[in-house]
Amino acid sequence: SGVQFNPAHPYLVTSSWDKTLKVWDIYNRKVAVETLSHTSDVVCVAVRPDGDQVCTGDLTGNLYFWDPQDGSLSFTIDGSKDIRGGRR
């Protein structure tokens, strides 16, 4: 689980063991973007300094890059091979 403040926009981003990422509007105290679902437990979250991208990592080692404004998935990096013993 993790929490990150978006420095460029009034959003708080949370990741959770329930396989979700949520973007919260801190002024209106509600979810700003629909819950972004993952296939595995989300173990970390980071926000790019300009606030235009959020990265999450799940228990399988995959990294997901999201647009926090509209909740769209930009791209994914498969890190599962790194977790299982490194790339060959």
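How many helices and strands are there in the chain? The chain has one helix and eight strands, and the structure described here is a predicted model. Read from the N terminus, the elements follow the order β-β-β-β-β-β-β-β-α.

**The chain as a whole**

- For 88 residues, a compact globule would have a radius of gyration near 12 Å; the chain has 13 Å, which agrees.
- Along the principal axes, the C-alpha atoms of the chain fill a box of roughly 45 × 25 × 20 Å.
- Buried residues make up 39% of the 88 residues of the chain.
- Of the contacts between residues at least 6 apart in sequence, 27% join residues at least 24 apart.

**The open sheet**

- Four strands form an open sheet in the order β5-β6-β7-β8, and their pairing is antiparallel.
- The edge strands of this sheet are β5 and β8 (73-77), each of which pairs on one side only.
- From one strand to the next, the twist averages 20 degrees.
- In general, the strands of a sheet pair through backbone hydrogen bonds, either parallel or antiparallel.
- Strands β5 and β6 run antiparallel and are joined by five bridges; here C44 stands opposite G57 in β6.
- Strands β6 and β7 also run antiparallel, with four bridges between them; the bridge partner of G57 in β7 is L63.
- Strands β7 and β8 pair over four bridges in the antiparallel sense, and the bridge partner of Y64 in β8 is T76.

**Hairpins and their turns**

- Strands β3 and β4 run antiparallel and are joined by five bridges; L21 stands opposite L36 in β4.
- The hairpin of β3 and β4 has four residues between the strands, and R29 takes a positive phi near 55 degrees there.
- The hairpin of β5 and β6 has six residues between its strands, and G51 in the turn has a positive phi of about 75 degrees.
- The hairpin of β6 and β7 has four residues between its strands, and G61 in the turn has a positive phi of about 100 degrees.

**The nonpolar core**

- In soluble globular proteins, nonpolar side chains tend to be buried together.
- The largest nonpolar core consists of eleven residues: Y11, V13, L21, V23, V33, L36, V45, V47, V54, Y64 and W66.
- Two or more residues of this core come from each of the elements β2 (11-16), β3 (20-25), β4 (30-37), β5 (42-47) and β7 (63-66).
- Apart from neighbours within four places in sequence, V13 is in contact with G2, V3, Q4, L21, K22, V45, V47 and V54.

**Aromatic pairs**

- A search of the whole structure finds two aromatic pairs.
- The rings of Y64 and W66 have centres 6.5 Å apart and planes at 35 degrees, so this pair is tilted.
- Both Y64 and W66 are buried.
- The pair of F65 and F75 is stacked, with 4.5 Å from centre to centre and 20 degrees between the planes.
- Because F65 lies in strand β7 and F75 in strand β8, this pair ties together parts that are ten residues apart in sequence.
- F65 counts as buried at 14% relative accessibility, whereas F75 is partly exposed, with a relative accessible area of 40%.

**Two buried loop residues**

- Residue Q53 lies in the loop between β5 and β6 (54-58), and its relative accessible area of 17% makes it buried.
- Not counting residues up to four places away in sequence, Q53 touches A46, V47, R48, F65, W66, P68, S74 and F75.
- Residue D41 is found in the loop between β4 and β5, and at 19% relative accessibility D41 counts as buried, because the cut-off is under 20%.
- The C-alpha atoms of D41 and K19 are separated by 4.4 Å, although these residues are 22 residues apart along the chain.
- Leaving aside neighbours within four places in sequence, the contacts of D41 are S16, W17, K19, G57, D58 and L59.

Key:
Residues numbered from 1 in each chain as written. Predicted model: local features only at pLDDT ≥ 70, side-chain atom pairs only at ≥ 80, totals over all residues. Heavy atoms only, no water. Core = buried A, V, L, I, M, F, W, Y, C linked by side-chain atoms within 4.5 Å. Buried < 20%, exposed > 50% of the residue type's maximum accessible area, 1.4 Å probe, protein only. Contact = heavy atoms within 4.5 Å. Pairing = 2+ DSSP bridges. Axes fitted to C-alpha atoms, helices over the stretch in contact; angles between N-to-C directions. Phe/Tyr/Trp six-rings, centres within 6.5 Å; stacked < 30°, edge-to-face > 60°. Rg over C-alpha atoms; globule rule 2.2 N^0.38 Å.
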